[in-house]
Amino acid sequence: RGVLRVGTTGDYKPFSYRPAGSDTFIGLDVELAGQLAKTLGVKLELVPTSWPTLMKDLADDRFDVAMSGVSVSLERQKKALFSIPYMRDGKTPITRCENVQRFQTLAQIDQADVRLIVNPGGTNERFARANIKNASITVYPDNVTIFQQIVDGKADLMITDAIETRLQQK
């Protein structure tokens with residue numbers, strides 16, 4: 001059809017980000033998608049999706065490939081094929097500077113008085129639900145502004161991919 005349709009969330013720096021009020025996506029995976037379309041000799045169409053709907057949107061043929069810093073998981077592998085990963089990363093906590101020593105291990109995090117925040121539908125939420133039984137888990141719908149909840153003291157920490165924590169720390 002002459003078009004490569006790429007599903008992207010627009011909320012996961014540095015891979016895919018859509019600034020508020022903009023129709024333009026930026027980020028590493030957006031650039032890679034553009035290069036893939038160019039190599040294939042087709043037009044690029046970026047299709048907005050979300051973490052909770054990512055796999056359903058792919059199954060519903062809304063796009064041909066998802067590129068948004070998508071983590072490989074067994075659940076996703078049962079529904080889709082993955083390229084060879086260009087990066088391997090792990091989950092890590094991010095919190096305010098004064099809490100760094102308080103949240104070094106999962107055991108320290110999994111305490112009844114701890115307020116953990118996660119974005120919905122992705123590997124962060126699954127990781128938290130699989131590993132955290134005592135701390136409270138709040139699902140926050142906006143992965144772009146979620147870190148401000150920690151800064152404002154409305155949550156103690158988030159567990160996310162290490163690359164995202166390094167970017168947010170800066």
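Predicted model: local features only at pLDDT ≥ 70, side-chain atom pairs only at ≥ 80, totals over all residues.
The largest nonpolar core consists of 10 residues, namely F103, I109, V114, L116, V118, A128, I132, A135, L157 and I159. Two elements, β7 (115-118) and β9 (157-161), each give two or more residues to this core. In soluble globular proteins, nonpolar side chains tend to be buried together.

Helix α1 spans residues 28-40 and has 13 residues. From the first C-alpha of α1 to the last, the helix reaches 18 Å, close to the 18 Å expected at 1.5 Å a residue. The buried residues of α1 are D29, V30, A33 and A37. These four residues lie on the same side of α1, because they cover an arc of only 105 degrees around the axis. An α-helix has 3.6 residues a turn, so residues three or four places apart point the same way. On the other side of α1, E31, K38 and T39 are exposed. The buried residues of α1 pack against three strands, β1 (3-8), β3 (16-17) and β4 (43-48). Helix α1 is followed by G41, which has a positive phi, near 75 degrees.

In helix α5 (residues 123-131), the buried residues are T123, N124, E125 and A128. Of these, A128 also belongs to the largest nonpolar core. The buried residues of α5 pack against the helices α3 (74-77) and α7 (162-169), and against the strands β6 (91-95), β7, β8 (136-139) and β9.

P14 lies in the loop between β2 (11-12) and β3. The peptide bond that joins K13 and P14 is cis, with omega about 5 degrees. P14 counts as partly exposed because its relative accessibility is 30%, a value between the 20% limit for buried and the 50% limit for exposed residues. Although P14 and L28 are 14 residues apart in sequence, their C-alpha atoms are 6.2 Å apart in space. With residues up to four places away in sequence left out, P14 touches G27, L28, I163 and L167.

D61 lies in the loop between α2 (54-59) and β5 (65-66). The phi of D61 is near 65 degrees, a positive value in a residue other than glycine. D61 counts as partly exposed because its relative accessibility is 48%.

The structure holds one cavity of 30 Å³ or more. About 90 Å³ of space lies in the largest cavity. The residues that line the largest cavity are Y12, W51, G69, S71, R76, K91, N119, G122, T123, N124, N143 and D161. Of these, T123 and N124 are also among the buried residues of α5.

The largest pocket has a volume of about 840 Å³. The lining of this pocket comprises 33 residues, of which G69, V70, S71, V72 and F82 are the closest to its centre. At least two residues of the pocket lining come from each of α1, α2 and β5. G69 and S71 also line the largest cavity.

Definitions and conventions:
Residues numbered from 1 in each chain as written. Heavy atoms only, no water. Core = buried A, V, L, I, M, F, W, Y, C linked by side-chain atoms within 4.5 Å. Buried < 20%, exposed > 50% of the residue type's maximum accessible area, 1.4 Å probe, protein only. Contact = heavy atoms within 4.5 Å. Expected span 1.5 Å × (residues − 1). Arc of directions from axis to C-beta. 1 Å grid on protein atoms, 1.4 Å probe; cavity = no way out; pocket = protein on both sides within 12 Å on 5 of 7 lines; lining within 4 Å. Points joined across faces, edges and corners; volume = space filled by probe spheres on them.
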